[in-house]
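This briefing sets out selected structural features of one protein chain for computational work.

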Amino acid sequence: MIKNIGYIVFILFGAACSSEKDEYVPIGQNPALEFTIPSNFPEPSYNITLNTPTEKGFELGKKLFYDGRLSSDGVISCGFCHIQDFAFTHHTHIVSHGVNGALGTRNAQPLHNLAFMKEFTWDGAATHLDLQPIIPITAEVEMNESFSSILQKLEEKPEYVELFAEAFEDQKINSENLLKALSQFMIMMISSNSKYDKIERNEGSVFTANEAAGFELFKSKCASCHEGTLFTDQSYRNNGLAVDPQYNDIGRNRVTGLASDLHKFKVPTLRNIELTFPYMHDGRLKTLTDVLNHYSDGLVDSETLDPVFKNTDGAVIGIPMTEEEKDQIIDFLKTLTDDDFLNDNRFSEF
Ligand code: HEC
Ligand code: HEC
């Protein structure tokens with residue numbers, strides 16, 4: 001599948017590169033949207049100047065995101081698996097559910113702050129946000145559709161013909177514009193208004209005593225991986241989950257082929273974590289308490305287990321925590337819930 005992606009990428013973007021210098025500067029009825037970097041955030045990884053979100057591009061991206069036409073059965077839209085109320089995860093589904101009830105092997109990831117991420121999916125198979133949707137669209141167990149068939153379906157709808165024409169300089173309904181529109185929608189999805197953010201930016205909020213204690217514990221026990229304001233250092237690590245014999249998901253090794261990457265997964269962001277249950281790449285843990293019990297007592301040793309979980313003799317010690325400390329960490333994690341983002345109707349289907 002990965003070789004396949006490289007091939008599609010070449011077809012889609014091979015031709016486009018030569019014209020990159022003629023950036024499309026949106027004018028008139030299609031003004032650029034303001035992409036504001038929150039003051040406590042790093043610089044984005046996504047190159048906004050090459051695909052500046054515009055009013056019409058965003059509108060088109062949103063329409064596509066919620067349109068079942070992107071799948072072979074006409075039902076499974078991106079929004080089917082990525083539901084806003086749960087920070088764009090697939091609520092209650094342990095692993096994702098695609099066309100005709102086909103089951104995937106992984107838990108849907110939240111969609112927010114994607115402009116700040118370098119690689120995508122649990123194993124980093126997609127190295128650019130514009131390419132990520134190729135995976136769900138073409139995966140048999142997800143949307144099971146081809147680009148040529150989607151484009152044909154879109155050509156038949158006058159509102160799409162119009163929106164593509166308004167959003168892109170070449171006015172064309174093609175795969176490149178479709179992917180760019182989806183990215184324009186997704187890069188605007190910034191979650192930066194949680195209680196934690198307001199405290200970080202000195203906007204008047206304060207932690208409760210338990211949240212403050214939880215933050216201190218988090219900084220010493222968790223932040224080496226769930227780092228900084230994005231709550232991920234964007235590396236791939238093995239956090240000691242037992243290999244599930246049903247899926248035998250090899251993680252990052254699937255992309256790099258390196259034995260040293262076996263069973264490593266991308267360190268996930270913890271923003272809006274209160275709502276993105278179940279947890280881990282295969283959704284095996286139901287609650288945040290289960291997650292903390294995993295770190296204190298449930299780690300399984302293996303060749304690639306992250307060294308932070310071992311003592312100097314190489315024995316697995318996990319992350320020792322008392323029950324009270326676990327509760328405090330959970331109280332802190334709940335300050336990462338961003339109701340403004342979850343209720344922002346710019347991103348809602350209706
Ligand atoms: C059948 C359910 C399903 C559908 C439909 C689906 N996704 Fe996903 N999405 C997932 C799962 C599961 C993952 C994690 C994939 C992996 O790690 O291999 C994911 C991951 C992603 C990511 C990576 C997020 C990150 O932080 O790395 C993005 C972006 C994304 N999806 C966007 C989309 C878009 C856009 C569409 C529509 C074209 C879409 N998805 C359709 C289930 C789905
Ligand atoms: C060595 C790096 C590392 C450390 C330290 C670490 N984590 Fe993780 N964390 C990960 C990785 C990697 C995953 C994803 C694992 C997977 O799904 O296979 C993860 C997953 C999670 C998840 C599930 C997220 C989701 O979207 O499903 C939560 C919650 C979490 N960690 C919280 C914590 C807390 C709290 C601590 C401190 C007590 C901590 N982590 C310490 C690397 C780490």
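In this predicted model, a search of the whole structure identifies 22 aromatic pairs. One of them joins Phe-65 and Phe-88 in an edge-to-face arrangement, with 6.1 Å between the ring centres and 80° between the planes. Phe-65 belongs to helix H2 (residues 55-65) and Phe-88 to the loop between helix H3 (78-81) and helix H4 (134-138), so this pair ties together parts of the chain that are 23 residues apart in sequence.

**Aromatic cluster**
- Phe-65 and Phe-88 are both buried.
- Ring pairs connect these two residues with others in a cluster that consists of Phe-58, Phe-65, Tyr-66, Phe-88, Phe-185, Phe-341 and Phe-347.

**Charges over rings**
- Lys-219 places its charged end over the ring of Phe-215, at 4.3 Å from the ring centre.
- Arg-252 is positioned over the face of Tyr-236, and the distance to the ring centre is 4.0 Å.

**Surroundings of Asn-238**
- Asn-238 is located in the loop between strand E1 (236-237) and helix H10 (253-256).
- The relative accessibility of Asn-238 is 4%; because buried means under 20%, this residue counts as buried.
- A polar atom of the Asn-238 side chain lies 2.7 Å from the backbone nitrogen of Gly-240.
- With neighbours within four places in sequence left aside, Asn-238 is in contact with Leu-262, His-263, Lys-264, Ser-302, Thr-304, Leu-305, Asp-306 and Phe-309.
- For one of these contacts, Lys-264, the C-alpha atom is 4.3 Å from that of Asn-238, although the two residues are 26 residues apart along the chain.

**Overall fold**
- The protein chain contains 13 helices and two strands.
- Its radius of gyration is 21 Å, close to the 20 Å that the globule rule gives for 350 residues, so the chain is as compact as a globular protein of that length.
- Along the principal axes, the C-alpha atoms of the protein chain fill a box of roughly 60 × 50 × 35 Å.
- Among contacts in the protein chain with a separation of 6 or more, 69% are between residues 24 or more positions apart.

**Burial and surface**
- Buried residues make up 52% of the 350 residues of the protein chain.
- The protein chain has an accessible surface of about 16400 Å², and carbon and sulfur atoms contribute 53% of that area.

Methods: Residues are numbered from 1 along each chain as its sequence is written. Chains are lettered from A and ligands numbered from 1 in the order in which they are written. This is a predicted model: local features need pLDDT of at least 70, side-chain atom pairs count only at pLDDT 80 or more; totals for chains, interfaces and linings use all residues. Side-chain values use heavy atoms; hydrogens and water are left out. Rings of Phe, Tyr and Trp (its six-membered ring) pair if their centres lie within 6.5 Å; planes under 30 degrees apart count as stacked, over 60 as edge-to-face and the rest as tilted. Helices (H or I, at least four residues) and strands (E, at least two) are DSSP runs, numbered from the N terminus. Buried means under 20% relative accessible area, exposed over 50%, partly exposed in between (1.4 Å probe, protein chains only). A charge sits over a ring if NZ of Lys or CZ of Arg is within 6 Å of the ring centre and within 35 degrees of the ring normal. Contact means heavy atoms within 4.5 Å. A polar contact is a pair of N or O atoms within 3.5 Å; within protein, one must be able to donate a hydrogen and the other to accept it, and residues adjacent in sequence count only if both atoms are side-chain atoms. The radius of gyration is taken over C-alpha atoms; the globule rule is 2.2 Å times the number of residues to the power 0.38. Accessible areas come from the Shrake-Rupley method with a 1.4 Å probe; for residues, only the protein chains shown count as cover.
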